[in-house]
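Please read the points below with the sequence and the structure open beside you.

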Amino acid sequence: MYMGIILKKLAFERFSGLYIFALLIVGFSIWMPDLFFSLATLRSVASNKSISAMLALSLIIPLSCGTFDLSVAANINFSTLLVIKLINGKNEDGIASGLPLPLAILVTILVAALIGFVNGFIVVKLKVSSFIATLGTASIIAAMMVVLTGNRQPLPAVSSAWKSISTTQFLGF
């Protein structure tokens with residue numbers, strides 16, 4: 001009886017993506033053991049796909065509720081531009097007057113959370129379809145990015161604190 005319950009919970013229909021992912025790892029590990037199944041490959045994938053993984057994780061909550069959030073990528077892009085603008089800020093005389101990195105990060109997190117709150121308010125309280133609401137929010141965020149950057153390529157952050165935090169390794173990655 002318990003075995004039937006366990007097998008039902010591990011059914012292929014529920015976790016097919018994980019099973020296929022595991023099959024690909026095993027297959028490539030057997031096919032190219034010296035190249036694929038190595039610490040260098042793991043390090044490369046972990047460092048190159050960390051932002052994509054965080055984006056995917058942020059979509060789990062809305063998807064598990066049966067809703068869509070099409071503004072997540074726009075919110076991430078806007079947050080990146082905002083933190084860089086806050087760090088690289090200049091006053092009207094052109095003198096560098098950027099915020100300290102911790103404060104810039106805090107402000108950016110609060111702005112991103114506000115965008116998420118607005119999405120949630122529109123979907124839950126105003127009863128607008130999550131697809132339509134977050135598509136509209138993504139369009140508004142895209143316009144805010146154009147205004148924030150003046151429709152120009154932003155300069156990279158130049159502070160030593162930014163360089164330190166963006167090049168720090170975590171758990172060897």
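1. At 31% relative accessibility, phenylalanine 28 counts as partly exposed, where buried means under 20% relative accessible area, exposed means over 50%, and partly exposed is in between (1.4 Å probe, protein chains only). Phenylalanine 28 lies in helix H2, residues 12-31; helices here are DSSP runs of H or I with at least four residues, strands are runs of E with at least two, and both are numbered from the N terminus. Not counting residues up to four places away in sequence, phenylalanine 28 touches Pro33 and Phe36, contact being heavy atoms within 4.5 Å.

2. Before going further, please note that this is a predicted model, in which local features need pLDDT of at least 70, side-chain atom pairs count only at pLDDT 80 or more, and totals for chains, interfaces and linings use all residues. Residues are numbered from 1 along each chain as its sequence is written, and side-chain values use heavy atoms, with hydrogens and water left out.

3. On confidence, the mean pLDDT of the protein chain is 83, and 86% of its residues reach 70 or more; pLDDT is the predictor's confidence in each residue, from 0 to 100. Among the elements of the chain, H7 has the highest mean pLDDT, 94, whereas helix H1 (residues 2-9) has the lowest, 66. Where pLDDT is low, the predicted coordinates should not be read in detail.

4. As for the overall make-up, the protein chain has 9 helices and 0 strands. Buried residues make up 17% of its 173 residues. The accessible surface comes to about 12,800 Å², of which 74% belongs to carbon and sulfur atoms; accessible areas come from the Shrake-Rupley method with a 1.4 Å probe, and for residues only the protein chains shown count as cover. Among contacts between residues at least 6 apart in sequence, 59% join residues at least 24 apart.

5. Which residues make the nonpolar surface patch of about 1,100 Å²? The patch is made by Leu63, Phe68, Leu70, Leu114, Phe117, Val118, Phe121, Leu126, Val128, Phe131, Ile132 and Leu135. By definition, patches consist of residues with over 30% relative accessible area and no salt bridge, with nonpolar side chains (Val, Leu, Ile, Met, Phe, Trp, Tyr) joined within 5 Å and like charges within 9 Å; a salt bridge is a side-chain nitrogen of Lys or Arg within 4 Å of a carboxyl oxygen of Asp or Glu.

6. Helix H7 (101-125) and helix H8 (130-149) each supply at least two residues of this patch, and H7 gives the most, with 4 residues. Valine 118, which lies in H7, is partly exposed at 37% relative accessibility, and its C-alpha atom is separated by 9.6 Å from that of alanine 133, 15 residues apart along the chain. Phenylalanine 131, which lies in H8, is likewise a patch member and counts as partly exposed at 40%.

7. Is serine 130 buried or exposed? With a relative accessible area of 11%, serine 130 is buried, although it lies in helix H8, a helix that supplies residues to the patch. A polar atom of its side chain lies 3.0 Å from the backbone nitrogen of phenylalanine 68. Leaving aside neighbours within four places in sequence, serine 130 is in contact with Thr67, Phe68 and Val123.

8. Glycine 66 lies in the loop between helix H5 (60-64) and helix H6 (72-87) and is exposed, at 61% relative accessibility. The C-alpha atoms of glycine 66 and serine 130 are separated by 9.3 Å, with the two residues 64 apart along the chain.

9. Lysine 127, placed in the loop between H7 and H8, has a positive phi near 60 degrees and is exposed at 69% relative accessibility. Asparagine 151, in the loop between H8 and helix H9 (160-166), also has a positive phi near 60 degrees, and its relative accessible area of 61% makes it exposed.

10. Finally, threonine 149 lies in helix H8 and is buried, with a relative accessible area of 11%. Not counting residues up to four places away in sequence, threonine 149 touches Leu81, Lys85 and Pro154.

Note on methods: A polar contact is a pair of N or O atoms within 3.5 Å; within protein, one must be able to donate a hydrogen and the other to accept it, and residues adjacent in sequence count only if both atoms are side-chain atoms.
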